[in-house]
Amino acid sequence: MKTTAYFEQKLLDRPEIRREWCQQVLENTLKTQVQSNGRISHWAVIPDYGDRVLRVITLEDGETIHNAYFDRNFRSRLQQGLEP
């Protein structure tokens, strides 16, 4: 799994996020969206963490992980027909 230095630093600040979950998101994405800066957001449910939705942001290559966090509002935005 390729990561940026920024991700490595952020992971230290977010011990609840596991590396294997980030890989799981990339392999089992529910939704993908290209951001205006070219980075790509990927969302997937993490059953081992109470079925919460983890958002993983990759660089333009779609492989190098730049950021990850649990997206509390993903489901509500999706139900409302809004972009996540």
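A residue is taken as buried when its relative accessible area is under 20%. By that cut-off, six of the seven residues of strand 3 (residues 52–58) are buried in this predicted model, so strand 3 is largely enclosed by the rest of the structure.

Strand 3 has a pairing partner in strand 2 (residues 40–46), and the two run antiparallel, joined by seven bridges. One of the residue pairs here is Ile-46 with Arg-52, the latter in strand 3. The two strands form a hairpin with five residues between them. In its turn, Gly-50 adopts a positive phi of about 70°.

Strand 3 also pairs with strand 4 (residues 65–70), again in the antiparallel sense, through five bridges. Here Val-56 has Ala-68 of strand 4 as its bridge partner. A hairpin connects these strands as well, with six residues between them, and Gly-62 takes a positive phi near 75°. As a general point, the side chains of a regular strand alternate between the two faces of the sheet.

Attention now turns to the aromatic rings. Four aromatic pairs are counted in the model. Among them is the pair of Trp-21 and Phe-70, which is edge-to-face, with 6.3 Å centre to centre and 70° between the planes. This pair links distant parts of the chain, since Trp-21 sits in helix 2 (residues 19–27) and Phe-70 in strand 4, 49 residues apart. Trp-21 has a relative accessible area of 3% and is therefore buried; Phe-70, at 12% relative accessibility, counts as buried too. Phe-70 also pairs with Tyr-49, this time in a stacked arrangement, with 4.5 Å between centres and 20° between the planes. Here too distant parts of the chain are linked: Tyr-49 belongs to the loop between strand 2 and strand 3, while Phe-70 is in strand 4, 21 residues apart. Tyr-49 counts as partly exposed because its relative accessibility is 27%. Together, Trp-21, Tyr-49 and Phe-70 make up one aromatic cluster.

With 14% relative accessibility, Thr-4 is buried. Its side chain and that of His-66 are joined by a polar contact of 3.2 Å. Apart from neighbours within four places in sequence, Thr-4 is in contact with Leu-59, Thr-64, Ile-65 and His-66.

Notes. Residues are numbered from 1 along each chain as its sequence is written. This is a predicted model: local features need pLDDT of at least 70, side-chain atom pairs count only at pLDDT 80 or more; totals for chains, interfaces and linings use all residues. Side-chain values use heavy atoms; hydrogens and water are left out. Buried means under 20% relative accessible area, exposed over 50%, partly exposed in between (1.4 Å probe, protein chains only). A polar contact is a pair of N or O atoms within 3.5 Å; within protein, one must be able to donate a hydrogen and the other to accept it, and residues adjacent in sequence count only if both atoms are side-chain atoms. Contact means heavy atoms within 4.5 Å. Helices (H or I, at least four residues) and strands (E, at least two) are DSSP runs, numbered from the N terminus. Two strands pair if DSSP finds at least two bridges between them. Rings of Phe, Tyr and Trp (its six-membered ring) pair if their centres lie within 6.5 Å; planes under 30 degrees apart count as stacked, over 60 as edge-to-face and the rest as tilted.
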